[in-house]
Amino acid sequence: MWSPEIGPDEPLTPAGRLFLQKEMNQVIYCVVGVKHPLDVDALKSAIQSSLMVKHPRFCSLMVRDSAGREHWRRTRVDMDRHVVVVHGPVADGLSDEAAVNEYLADLSTDSPGLLGDDKPLWDVHLLMAHRCLVFRIHHALGDGISLMSMFLASCRRVDDPEALPTIGPPSSGKRRRGGGGGEWWKAVERVLGVVWFTLVFVVEFVLRSMWVSDRKTPVSGGAGVELWPRKLATARFRLEDMKVVKSAVANATINDVLFGIISAGLFRYLDHRSPDAVREGTRITGVAMVNLREQPGLQELSNLMKGNPGLRWGNKFGILLLPVHYHRSSGDPLEYLRKAKSMIDRKKKSLEAYLSYKIGDIAMTYLGARIASLLNYRIVCNTTFTISNVLGPHEEIAVVGNPITYIRANSSSLPHALTMHMVSYAGRADMQILVAKDIIPDPDFLAKCFEDALLEMKAAASTTVNSKK
C-alpha cells in the first residue's frame, strides 16, 4: 500500500467533468502483450514504485460536494485492489488475439462505475494465459497522449535496457519566411482561408450538436447504441507500407494515408455487406481526436508534470469532423488518399480543433456539465464513426524486463456503431475496431477490408514511383 501526502481536494477540469457525465462516461483500455510469462509480483512492485501511482490523479478518489461538483481527494492506494489476476483462458476455443479481443469487448460495455468510487479510477488486469496486461483507466484521468507518455516512462528499450523509449523529436514550430513582393498577399489569403474554414466549422459544429445528421447506412449507430453488445477485431498495418503510399502523393502524411484506408475499406465493406444500399455521394462523417498541446506527438513526462499550460497533464484535445462521400471504386486506389488529403488540408486551414475544445470548455463553464455532455452526445449520435491515432515508440521496448510484442487501445462504447483506435509500435500499427455486433456482425471482415485497402494502395504507389524513374 502506498500513501500519498494528503492535501486539500482539487476540482476536476471541465474536460475531466465531461467524461464523468452519464452520456459521455468513458474508460480507456490499453492492452500490452509481452513475450514471456507474466511475473505478478514483479509487475505489482513495478506499478507500486512507478510514477503512475505517485501521480495525484492516480492516487485520488473522485468525490462530489454538496452541490454535486466533482473533486479529486487524495487517498491511499491498495495495490491488491487495483491489480486483477486472471489465471485461466478468458475464452475457450479461440486464439489468444480473439480471446483477448472478446474480453476487451465485454469490458467496453461494462458501466464505468464498475471501477468503483471507493478507489482511484484505474486498474490493471493480468491475463496470465494470454501473456498480456490490460490497463483500464477512466478518461477523466487523462487523454491518450498523457497516458501513453506515462506508460512509456516505466519502460526501457530492448536494445539498451537503461534507455527510455524514443518518442519522436519535438516540432520546432518555425515557419519559413519567404521574400518577394507577393508574400503579403499570400498571408492575406491564408488569413481569409482560416476565417472562412473556421466559420464553416462553427456552423457545422452547432448544427451537428442539434439536428443535422448523417443519412442512415448499414454502419450507422444512434442514441442508445452505446448500451448494445460489442465485438472487437484488430487490423494490422506495416508503417513501411504506409510510408510507401504516403510518398506517392506530394506532402501527404500518415494521417492522410490512414483516412484514405478508412474510406477505401469502409466503402469496400458497404459494397460487400449491402450492395446498392448506400446512395452515390452519401456523406459519412467521422469524429477524430486531435492533440492540442504545443509539442505534437508524445510528451516527455517531465514536461507534462510542469506548470506549462501548453503541455500539462490531462485531457487536452479537440475534435475534427471528417466527412467522406461514398463512391464506388474508381479503379485508382490512390484516389482515396488524394481525397482524404484534400479534405484534411482544408481542416488544417481552420481553427476547428482548437475551437471545439474552447466551445466545450465554455459550455461546461456557463451551461453546466449536463448540457455540455448532451451537446457532445448529440454530435456523436449525428455522425457515423470515431477515429484516433496515437504515435507509439519507434523501437522495441520492455516492461519489467519483459519484451513487449504489441500495444493496442480502445475505449468504452459510444453511440457510434464503429469506433477505431490505432497505435503504432516498432514499425507496426494495430487498429482496434470496436463495433455494435447487432449492426456490424463481422468486424474481422471489416478489418481485412482495411488491410487490403492499404495493400492495394501500396501496389498502386509502387507502380507510380517506378514509372517516374
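**Helix 11.** I started with the length of helix 11, residues 334-348, in this predicted model. At 1.5 Å a residue, its 15 residues should span 21 Å. I looked up the end C-alpha atoms and found them 21 Å apart, which agrees.

Next I asked which residues of helix 11 are buried. My list reads Leu-334, Tyr-336, Leu-337, Ala-340, Lys-341, Met-343, Ile-344 and Lys-347. Two lysines, Lys-341 and Lys-347, are among them. A reminder to myself: an α-helix has 3.6 residues a turn, so residues three or four places apart point the same way.

Helix 12 (352-366) and helix 13 (369-381) are the elements that give two or more residues to it.

I then picked out Tyr-366, which sits in helix 12. Is Tyr-366 buried or exposed? Its relative accessible area is 68%, and exposed means over 50%, so Tyr-366 counts as exposed.

**His-416.** My last stop was the loop between strand 14 (402-411) and strand 15 (418-425), where I found His-416. The relative accessible area of His-416 is 1%, and the cut-off for buried is under 20%, so this histidine is buried.

What does the side chain of His-416 pair with? I noted a polar contact of 2.7 Å to the side chain of Thr-383, and another, also listed at 2.7 Å, to the side chain of Thr-386. Leaving out residues up to four places away in sequence, His-416 touches Val-225, Arg-230, Val-287, Val-380, Thr-383, Thr-384, Phe-385 and Thr-386.

Notes
Residues are numbered from 1 along each chain as its sequence is written. This is a predicted model: local features need pLDDT of at least 70, side-chain atom pairs count only at pLDDT 80 or more; totals for chains, interfaces and linings use all residues. Side-chain values use heavy atoms; hydrogens and water are left out. Helices (H or I, at least four residues) and strands (E, at least two) are DSSP runs, numbered from the N terminus. Buried means under 20% relative accessible area, exposed over 50%, partly exposed in between (1.4 Å probe, protein chains only). The expected span of a helix is 1.5 Å times one less than its number of residues. A polar contact is a pair of N or O atoms within 3.5 Å; within protein, one must be able to donate a hydrogen and the other to accept it, and residues adjacent in sequence count only if both atoms are side-chain atoms. Contact means heavy atoms within 4.5 Å.
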